[in-house]
Amino acid sequence: MMAAQKELYDAIVIGAGIQGCFTAYHLAKHSRRVLLLEQFFLPHSRGSSHGQSRIIRRAYPEDFYTEMMAECYRIWAQLQHEAGTQLYRQTGLLLLGMKENPELKTIQATLSRHGVEHQYLPSEELKQRFPNIQLARGEVGLLDKSGGVLYADKALRVLQDAIRQLGGIVHDGEKVMEIKPGLPVVVKTTSSSYQARSLIITAGPWTNRLLRPLGLELPLQTLRINVCYWKEKAPGSYSVSQAFPCFLGLGLSLAPHHIYGLPSREYPGLVKGTSREHCSWHGFKLSPIVGKILYELSMKLTPSYDLTPFRISRFPSLGKAHL
């Protein structure tokens with residue numbers, strides 16, 4: 001008696017964080033047979049995509065990020081329309097820095113080049129506009145009016161539902177144990193074995209555990225981030241309803257690293273904020289385009305954007321691996 005032939009997927013995506021979900025969403029939306037695998041039961045808080053809120057913005061020093069974000073906004077709006085639920089709220093993003101700060105000047109120039117609505121706020125005007133912000137002497141502001149808050153956990157649920165509705169398969173609580181390169185590629189999990197024409201790995205901190213047996217290791221650094229919540233002295237004064245914006249401090253004298261925060265909403269009366277040492281942390285807001293590009297690469301289509309800034313070859317110490 002002949003054994004039943006295993007189903008062949010167009011693509012398998014490993015990791016159901018925001019990057020993996022958007023990749024599977026684009027694949028399913030283009031009528032590709034896609035399987036999305038997640039080692040933990042959904043929802044979970046072990047990766048970098050959990051939590052209620054993220055900042056969205058077009059304010060970047062780099063032109064390519066600002067350009068990509070234009071389409072990201074369109075895809076977020078499209079997903080919001082399809083789901084019939086709010087995933088984004090425009091609050092504006094206030095960038096704070098000293099007048100001579102080169103990064104602030106570069107961001108303003110980038111916004112101008114791309115026609116993004118923004119406003120430069122000299123010190124006095126900044127104090128009048130936002131009297132509840134304690135400013136350093138000589139500090140100025142730059143308001144990216146397109147900035148706002150993404151409702152992160154809601155967006156993940158919406159995407160996972162959309163993938164299923166479009167015919168994609170989502171398996172959670174299923175850990176990948178082995179990857180066998182080839183045509184097709186074979187992925188063995190704790191529950192079963194699957195075959196696909198393409199494999200996309202969006203596994204975050206678990207990426208190297210999957211890549212190492214294949215002869216490739218990326219110089220990835222896993223960071224634990226402390227997110228803090230500050231209680232408002234005057235209830236509601238830092239809330240979305242009072243038009244208080246998201247904010248990003250660029251190398252302020254009182255904080256050697258960039259600090260960012262969101263208006264109170266996630267927990268009433270509490271302002272969310274943290275600091276960062278690196279100009280990375282672009283993942284959530286840019287995930288619609290990351291997912292689109294990964295879909296294009298997996299289907300051997302020409303990428304929509306120049307990928308030079310993101311190529312693995314930018315890490316000179318890496319050896320070659322053929323997956």
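I call a residue buried under 20% relative accessible area, exposed over 50%, and partly exposed in between, with a 1.4 Å probe and protein chains only. The model is predicted, so I take local features at pLDDT of at least 70 and side-chain atom pairs at pLDDT 80 or more, while totals for chains, interfaces and linings use all residues. Residues are numbered from 1 along each chain as its sequence is written, and side-chain values use heavy atoms, without hydrogens and water.

Entry one, Val227. I found Val227 partly exposed, at a relative accessible area of 37%. Val227 sits in the loop between α6 (207–211) and β13 (228–231); helices (H or I, at least four residues) and strands (E, at least two) are DSSP runs, numbered from the N terminus.

Entry two, Ser198. I looked up strand β12 (residues 193–201), which holds Ser198. Is Ser198 buried or exposed? Ser198 is buried, with a relative accessible area of 11%. Leaving out residues up to four places away in sequence, I list Asp10, Ala11, Ile12, Val185, Ser298 and Met299 as touching Ser198 (contact means heavy atoms within 4.5 Å).

I noted a cis peptide bond between Leu183 and Pro184, with omega about 5 degrees. Pro184 belongs to the loop between β10 (176–180) and β11 (185–189).

I also noted that Ala243, not a glycine, has a positive phi of about 60 degrees. Ala243 lies in the loop between β13 and β14 (246–249) and counts as exposed at 56% relative accessibility.

Lys300, not a glycine, has a positive phi of about 60 degrees. I place Lys300 in the segment after α7 (283–298), exposed at 74% relative accessibility.
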